[in-house]
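Take a look at the fold below.

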Amino acid sequence: MPQSAARRFVARPAVRWVAGALLVGAVLAHALHGLGVLHGDVFFDKWLFPGVELAAAFACVARAVLVPGDRAAWLLFGIALACLAGGGIVWSLAYAHDDSPPTPSAADVGFLLFYPISYVGISLLLRAHVAAQRAVVWLDGLTAALAVTAVGTAVLLPPILATYASDTPALITAAALPVGDLLLLGFVVAALTVRMHRLGRAWLMLAGGFVINAVVDVWYLQQIAAETYVRGTILDSGWLVSASLIGFAAWQKQRGVTIPAPDQRAIFAPLAASAAALGLSVYGIFGQLTPVAAALTVATLFAVLVRLALTLAENREMLAHSQDEATTDALSGLGNRRRLMPDLEDSAARPAATLALFDLDGFKNYNDSFGHPAGDALLQRLSRRLEEAAGAHSGSAYRMGGDEFCLLLPCTGADAEPGVDAALLALSEQGEGFVVTASHGTVSLPDEASDAANALRLADQRLYSRKGGRRASPYGQTKAALLQVINESNRELGDHGQGVAALAVATARRLGMDAEQIDEVGRAAELHDIGKIAIPDEILRKPGSLTLEDWQLVREHTLIGERILAAAPALAPVGRVVRATHERWDGGGYPDGLAGEEIPLGSRVIAVCDAFDAMTSGRPYREAVDTQEALAELRRCCGTQFDPRVMEAFLETVTTLDEPWRDSSRSHAG
């Protein structure tokens, strides 16, 4: 039968169920014979017993031939079981009726070959299914193996030494069996320890088979030493159970390569090994430990000590890594605010240092135009260039979050200017459809600020002042032209925009918005009524109530404003904020009926400030109301028309301002 056809045949569940049922039935039959329920010594001892072992061996070999993956390991397991069966057959044919069989015998060769072949098979299977494992986990496996072997040697070897002390060949042969079992158990325990995080059915069955084999061997040796062993009893059935489990393991689904994460259960192996080694040490004080058991006990304790040293080293490394992660910006790899603050405190205590705070201009527009992945890539490029510039001037670079960066230089005044200029150049990039530059504010330490908090506050004030005063950019020119259009069309609209902008910027700051967002709020506030230049003056200045048609036209002004601003790519994000300035928190606004957090935060800020400035300013068709009355009206509409969080920030802002929005002529956006 071709291999592919054989694979399809074996893959049928019915075929495997029948084969498994036959194997289980044969083992049960042998057990019933051992209990005296079934009779027929010749059939069960000479035919059924080796037949089950050969069937299990065939299952492993068939798995190696028909199923890709782990072929060498399962072929070795099949050969190991075949050696057991061969040893049993040789014993039945040559020595079963010999009252004084030789020791060692030809049958012992088959029995003992089972162990080294199984060792290699376990090693191959383990290597194929565990990758990139931590050193301490492999050490745990070795420690567990040493502990098991030490305990087994201390328990099993003394009776054997006492029984065969006068017959060296017999002693070596008798000792080889438990030593082989102990080493095999050590291999199994090591494998289970390494794979503790992902134990599949195959590994559990394989381990169970080898453990049962060792237990039955120990039972057998005890009966041999006591001269009570009788062939064909229930004890022999234990060997068949062991072989069957190994055969069944061959056809269980194997999990793929495992790279397990650290687990608290991993500490169980070294703890158990330590307890076993200490117990043996105490036993050695009051009893007598064989030299082999004593050596294994010492080796176990040494492995535990090495494990402890490795654990301490790993913990130190993990602590250092976690501390580094806590003070490093994940996106850029630069130091973050947590790293800056202690560095800044140290610099403030030195004779001379300069803190420079930077905020990108045009980054939000870049993000909106090209998407956040492209924005992240841009930040990474600028961060690398800033780090190189800082290093060239013996400084340190930091990312404060968003598009804010920081530079710390070990000099002041004219000596610091080349470093600041290099940082400004590093934080600038332009291409088709975008220009990104940086505004900055600098502080000399400790002359202008004696601590980190004051230094950052002063640098931020200077940064924003410089950012607001920039006029030469294409955006500044475009915005100035639009503001002039508003003023020429309706002076009141221009004054209203300036007043709303002053309030909106102060409120945005209190809300904790970053510099770029504050800048955008200021732009949008100044231009939020630009769409009204398309509304006839007779409607805007109408003293009486507006008609339905008038209201429909007035409500178009936010859409008109967005279209006007969208004509300048740098102002497109501002246009989106302007569009939503007349939305309501409860969803009853226009033009899109947005509600709650759906409304841009900048639009929610402008809505409150716009309403307040409109109420406290006189109009041709009504008189201005006083501040307290206007605030009372705003509170009444909180939670319906206005965002409660924005309202709270606005109220706190108004109490700290002495109506600077009335005569403000300063631009609030760069």
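Two residues are in contact when heavy atoms lie within 4.5 Å. This is a predicted model, in which local features need pLDDT of at least 70 and side-chain atom pairs count only at pLDDT 80 or more, while totals for chains, interfaces and linings use all residues. Residues are numbered from 1 along each chain as its sequence is written, and side-chain values use heavy atoms, leaving out hydrogens and water.

Find Gly335 in the loop between α11 (291-326) and α12 (337-348). Helices here are DSSP runs of H or I with at least four residues, strands are runs of E with at least two, and both are numbered from the N terminus. Setting aside neighbours within four places in sequence, Gly335 touches Thr327, Thr328, Asp329, Ala397, Tyr398 and Arg399. Arg399 is 64 residues away along the chain, yet the two C-alpha atoms are 6.3 Å apart.

Strands β2 (residues 396-401) and β3 (residues 404-409) run antiparallel, joined by 5 bridges. Strands pair if DSSP finds at least two bridges between them. The hairpin has 2 residues between its strands, and Gly402 takes a positive phi near 60°.

Now turn to the helices. Helix α3 (residues 41-66) packs against α9 (residues 234-249) at about 15°, with axes 8 Å apart. Axes are lines fitted to C-alpha atoms, for helices over the stretch in contact, and angles run from 0 to 180 degrees between N-to-C directions. Among the residues that meet are Phe49 and Val52 in α3, and Trp239 and Leu240 in α9.
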